[in-house]
Each structure stands twice: as C-alpha cells, then as structure tokens.
Amino acid sequence: MAAVVNRVTQNLVLIMLGCAVLRISAFSTTYLNYVKPGFRPFLIGAGAVLMILGVAGLIQAWRPGKGSPGAEGHGHSPEHGQGREHARHSRGQGHGHDHAHGGPRVAWLMCLPVFAIFMIAPPALGSFAAARSETPPPRSQALTAFTPLSGDGPVDMPIGEFIGRAWDDDNRSLTGRTVRLTGFVVPSKKKGQWYVTRMQIACCAADAFPLKVAVKGIQAPPPDTWVEVTGTWIPQTFGRMPNGVVYPQLSGTDLMKVDTPDEPYE
Amino acid sequence: MSELRTDPRSPWADEDATVPPDSWGRGTGPKHTLPWGFALVVVLLVVGRFTLAPHLTAPALQTWATIFVAICVQALPFLVFGVALSAAITAFVPASFWTRALPRHPAAAVPVAGMAGAVLPGCECASVPVASGLMARGVPPAAALAFLLASPAINPIVLVATAVAFPGQPLMVVSRFGASLAVAVLVGWLWLRFGRSEWLPIPSRPHGDGPKWARFGEAMRHDLLHAGGFLIVGGLAAATLNVMVPREWLAALAEVPWLAVVVMALLAVLLSICSEADAFVAASMTAFSPTAKLAFLVVGPMVDLKLIALQAGTFGRAFALRFVPLTFVLAVLVSVLFGWLLL
C-alpha cells in the first residue's frame with residue numbers, strides 16, 4: 001500500500017519539488033547551470049505555486065473534510081466526497097489490480113529531479129559535453145557589424161564574439177590586439193594545443209553547443225579547469241572555409257586560473 | 001492507467017479518484033495513514049546525500065543529470081502555467097462561453113481553435129493540460145487537438161525566436177507558421193472524421209459544488225501530479241538520448257535530401273527541445289537543407305518524447321498510439337510541401 005500515493009504524500013511530493021526548485025533558483029545561482037538567467041522569476045513563481053498548492057493540500061488533508069466546505073476555501077461538499085468514496089469502493093472490490101496502477105503513481109517520478117539536484121548536484125556542462133558535439137561551422141553574420149576595438153591593453157571578450165570577429169569581420173579588427181578569454185579547458189587531439197571553451201545555450205542545457213578557441217603556446221591545464229587566457233589572434237591562412245570543423249586560433253601568452261563563474265554559459 | 005480509462009464499466013471513475021478523496025487510507029489507521037513511502041524517500045535522500053553523493057562524479061552521469069534537470073527545470077514553469085490556466089478554464093470559465101466563442105459546427109471550430117493557438121504564449125508543456133481543460137469544458141476534441149498542436153508552434157514568442165535565429169530569412173518564419181497551422185488543422189479534421197470517442201476519453205475533472213478556489217486547487221493538483229510525472233518520463237528519455245547519440249552521426253546523413261528531412265524530424269522527436277529554443281538549434285545545424293530545418297521546427301513542438309509521455313498520461317495510451325504517428329507523418333509531409341514551395 002505504501003506505493004500508492006495517498007493524499008498527504010501527494011502534497012508532500014509537491015512541497016519537496018517546490019523546495020528543490022526554490023533551492024536552486026531563489027536561494028542560489030545553481031539554476032544558471034541549467035537555464036538562461038531570464039528564467040529565474042518563472043522558476044521562483046513555479047516553486048512558490050508548488051509550495052502553496054502542497055501546503056494548502058496538507059492543511060486540507062489533515063483537517064477532516066467534514067469541517068467546513070466554505071471556510072478557507074478548501075474542502076468538499078459532503079455529498080461529493082461520498083460519491084467519490086463510493087466510486088472508489090466499487091472499483092476496489094471489482095479490480096483491485098487496476099487500481100494499483102492508479103494515475104498518481106507516476107507522481108513518484110517527480111522525486112527524481114529532487115534526487116538529481118541534491119545527490120548528483122549536476123554541474124554546468126563541461127569538457128565531456130563539449131568534446132561530444134562539434135561546434136557548428138561559423139555562420140555568416142552579414143547583419144552584425146563589428147565595432148572597432150577601442151582602448152589599449154588586453155580586451156575582455158566573450159568567446160562567441162571572438163569567434164565571430166575571427167571568421168566574419170571584414171575589417172579584421174582582431175589583428176594585433178591582445179584579448180582575454182574566459183572559459184574552461186577542453187583537451188584537443190592535436191598536439192600542442194587545447195581549447196578554451198564556453199557552452200552556449202539558447203534556452204536550457206539540453207540545447208547547449210560548445211564555442212571553442214584553440215590555444216597554442218601554453219601548456220594545457222587539466223580538463224575542466226576554468227581559466228582566463230590572454231593572447232593574440234592567429235589569422236587563418238586559408239582563403240575560404242575548408243570542409244570540416246575548424247576553430248579560430250589564439251597564440252597564448254598568459255594564463256590564470258579563475259573560479260567557475262556564476263553564469264557558466266554564454 | 002489507460003487500462004482503467006478504456007474500461008467499459010467505469011471509464012472515468014478513476015479520473016475522479018486519482019486525487020484520492022479525503023477518506024483515502026483512513027480505513028486502515030485510527031486517523032490518517034502516515035506517508036511511509038514519502039518517509040522512505042526522505043531517508044533515501046538524506047542517506048544518499050552523505051554516502052553516495054561523493055561517488056556520483058562520472059562525467060557522463062553528470063552530463064546526463066545536468067541535461068535531465070535542465071529539461072525538467074525549464075519545462076516546469078510552463079507546465080505550472082499551463083496547469084493553472086487549464087484549472088482556471090475548468091473552474092472559472094462557464095461551459096457556455098465556449099459554445100458561444102467557437103463556431104457551432106465542429107469542422108469550422110477546428111481552424112478557429114488552431115488560430116486561437118497563436119494567442120497563447122507558452123511551450124508545448126503548457127498546451128497539453130490546457131487542451132485537456134478545454135475538452136473537459138465541452139470544446140469538441142478535434143478543435144482542442146488543433147489548439148494543442150498549433151499553440152506551441154505559432155505563438156508570437158516562438159515566431160520571434162525563429163526570426164532571430166534565422167536572420168534574413170523571413171520565409172522560414174512564414175513557412176513555420178503556415179506549415180504548423182496546416183498540420184494542426186488537418187489533424188483536427190482527420191480526427192473529426194475518423195477519430196472514435198473511445199480512443200479519447202474526455203478527461204473529467206474533479207468537479208462539484210465546492211467553492212471555486214477549492215475546485216481550482218483540486219484541478220491543479222490533479223493535473224500537476226499526472227502531467228508532472230509524465231514530463232519526468234519524457235525528460236529521462238530525452239536526456240538519455242541526448243547524451244548517447246552523437247550528433248556527428250546525424251551530420252553524415254545530411255547529404256541525402258529526403259533522408260535529411262526524416263533525420264531532422266526524428267531528431268526533433270528525440271531531443272525534445274522547448275519550442276521557444278528549437279529555432280536556435282535548427283539554425284546551428286548548418287549541414288542540413290532549409291526544408292529539413294523546417295521539418296525540425298514543425299515536428300518538434302507537436303511530437304517529441306516528453307510530449308508523447310505527457311499526452312499518453314493525459315489522454316491515455318490508446319489516444320497517443322494513434323495521434324502521435326498521424327501527427328508526425330502529416331508534419332513531415334506538410335513541411336516538405338512548404339519547403340518545396342517557399343524555401
């Protein structure tokens with residue numbers, strides 16, 4: 001009987017899921033490992049709704065229904081409750097096995113994400129995922145104009161922008177400039193280089209794909225280390241895109257280990 | 001559960017009881033049954049947190065868990081929103097409203113309902129409970145199904161996302177809108193003509209004379225527990241396939257035009273990406289033809305693993321078994337037609 005989700009348990013499951021969602025969205029920035037930053041209010045809202053629903057249901061379940069259909073807005077009209085009970089009884093006698101298959105059993109599965117969140121504590125996608133999928137070949141961004149880089153010294157730049165400037169900027173604004181990229185380390189099969197990588201997500205981690213820049217001239221740190229690498233662009237020598245996947249290259253001069261950023265994706 | 005639904009003797013009795021009555025389990029104990037199962041879950045959670053957690057660090061497992069949690073976390077707000085809207089339809093909108101709002105003849109109601117999908121912003125997880133709420137309120141099933149298929153694909157947010165993902169290709173947005181609406185209406189009409197009522201038990205809701213807010217809460221809890229559980233099933237399957245199937249395999253198939261369309265359509269089913277994000281993914285698959293990308297965009301919001309699980313959970317297995325292949329085939333055919341005409 002324990003497997004059947006009774007009323008109290010249903011609400012406890014809802015509360016637990018709500019807690020887990022609030023834990024990763026309202027009280028930490030863990031949710032950034034899974035979705036875009038803009039999702040936060042929706043997650044908090046969804047977590048709060050789950051909590052409210054669960055708590056209201058618990059109150060209702062623990063206070064016998066005969067109390068007050070009107071008060072607090074919870075509870076059932078007596079005749080309705082009886083009707084349901086009757087339905088349950090007739091079925092319970094008729095085919096108890098079917099009954100064990102009752103719908104809410106699947107609700108137990110809602111504990112799974114809670115388990116995953118608390119026990120595995122899934123980190124942001126790292127070098128394993130990045131090594132799996134190849135970066136799509138650069139797209140032509142005819143509509144995007146790249147502003148010239150101003151100022152002296154190293155320029156901090158998202159990896160996506162570096163790749164865009166490397167492939168599609170007719171003014172070759174990267175030439176001779178020192179840039180600083182932040183990402184995690186993905187080893188390369190080719191000798192003498194490694195990739196500084198950031199995953200890009202459109203909505204959630206299920207649609208992530210890696211943005212990689214090949215770094216040369218610096219010893220590869222261990223995989224998944226977050227680093228800030230400074231260097232200059234190595235202009236590609238080929239005239240037009242070769243077939244297959246190619247990455248823009250950076251001649252590295254300086255390397256610094258950094259903490260994992262709050263927002264691990266671009 | 002679907003066995004119960006198709007049970008000739010009491011087709012929907014189970015629906016009423018799936019949120020068990022207050023008296024549930026009280027027969028055995030003096031007052032309440034203690035939630036032992038839940039206690040077990042909590043114990044497992046606490047013990048696992050301290051004994052297992054340090055060992056669960058294999059990169060493949062972590063990647064899988066990240067994608068699984070990401071799919072669930074991303075879909076949950078939409079599911080809650082959809083369930084709330086559905087419960088609101090059940091609790092607050094009188095049934096007479098729908099008979100007035102929709103054309104009397106079901107065949108005319110189908111395209112109207114499909115177009116109405118353009119108004120509801122949200123992704124596919126929201127549309128399933130809303131459609132079930134509509135059916136419970138007396139909207140013809142075929143019209144509710146057209147709404148179910150159309151709303152995640154042609155709502156303004158999705159169309160804007162598509163336009164952003166395909167800069168300079170407005171025809172992609174037009175094709176997506178046209179093809180998705182066409183599929184939704186065609187499926188609705190086919191269902192109207194050939195569908196049988198025993199395949200699609202009208203989901204009944206906890207109803208009654210209680211205060212409106214109580215009914216609202218009841219309906220929401222009922223839907224959440226069902227749809228939520230099945231969403232997790234879909235999330236598990238999608239995350240597993242996402243980690244296990246290397247995408248390079250697929251790129252190799254992109255060379256053959258007709259195969260590319262089928263591959264992209266299947267990929268849309270397997271990856272189960274939210275309809276608001278799928279345009280970006282499609283755009284990144286540069287190896288594929290525009291028609292194949294269109295197939296991805298049209299199939300994704302209508303058929304994918306988490307949707308199949310949700311539909312089977314909400315409407316029953318007998319329904320999903322017929323509805324899903326029909327929608328998939330029509331979606332692929334219509335995409336090819338639109339791709340050939342417009343792209």
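Let's start in strand 3 of chain A (residues 193-200), where six of the eight residues are buried, so the strand is mostly covered. Here, a residue is buried if 20 or more other C-beta atoms lie within 10 Å of its own, exposed if 12 or fewer, and partly exposed in between, with C-beta atoms placed from the backbone. Strands (E, at least two residues) and helices (H or I, at least four) are DSSP runs, numbered from the N terminus.

A quick word on what you're looking at: this is a predicted model, in which local features need pLDDT of at least 70, side-chain atom pairs count only at pLDDT 80 or more, and totals for chains, interfaces and linings use all residues. Residues are numbered from 1 along each chain as its sequence is written, while chains are lettered from A and ligands numbered from 1 in the order in which they are written.

Back to strand 3 of chain A and its partners. Strand 2 of chain A pairs with strand 3 of chain A in the antiparallel sense, over four bridges; two strands count as paired if DSSP finds at least two bridges between them. Across this pairing, Pro187(A) stands opposite Trp194(A). The hairpin has five residues between the two strands, and Gly192(A) takes a positive phi near 75° there. Strand 3 of chain A also pairs with strand 4 of chain A (residues 209-216), again antiparallel, over eight bridges. In that pairing, Met199(A) sits opposite Pro210(A).

Now zoom out. Chain A has seven helices and six strands, and from the N terminus they run α-α-α-α-α-α-β-α-β-β-β-β-β. Of its 266 residues, 39% count as buried.

How far can you trust the picture? The predictor's confidence in each residue is pLDDT, from 0 to 100, and chain A averages 76. Confidence is highest in strand 2 (residues 178-187) of chain A, at 92, and lowest in helix 4 (residues 96-100) of chain A, at a mean of 31.

Next, the helices. The expected span is 1.5 Å times one less than the number of residues. Over in chain B, helix 4 (residues 59-92) reaches 48 Å from first C-alpha to last, close to the expected 50 Å. Because 28 of its 34 residues are buried, helix 4 of chain B is largely enclosed by the rest of the structure.
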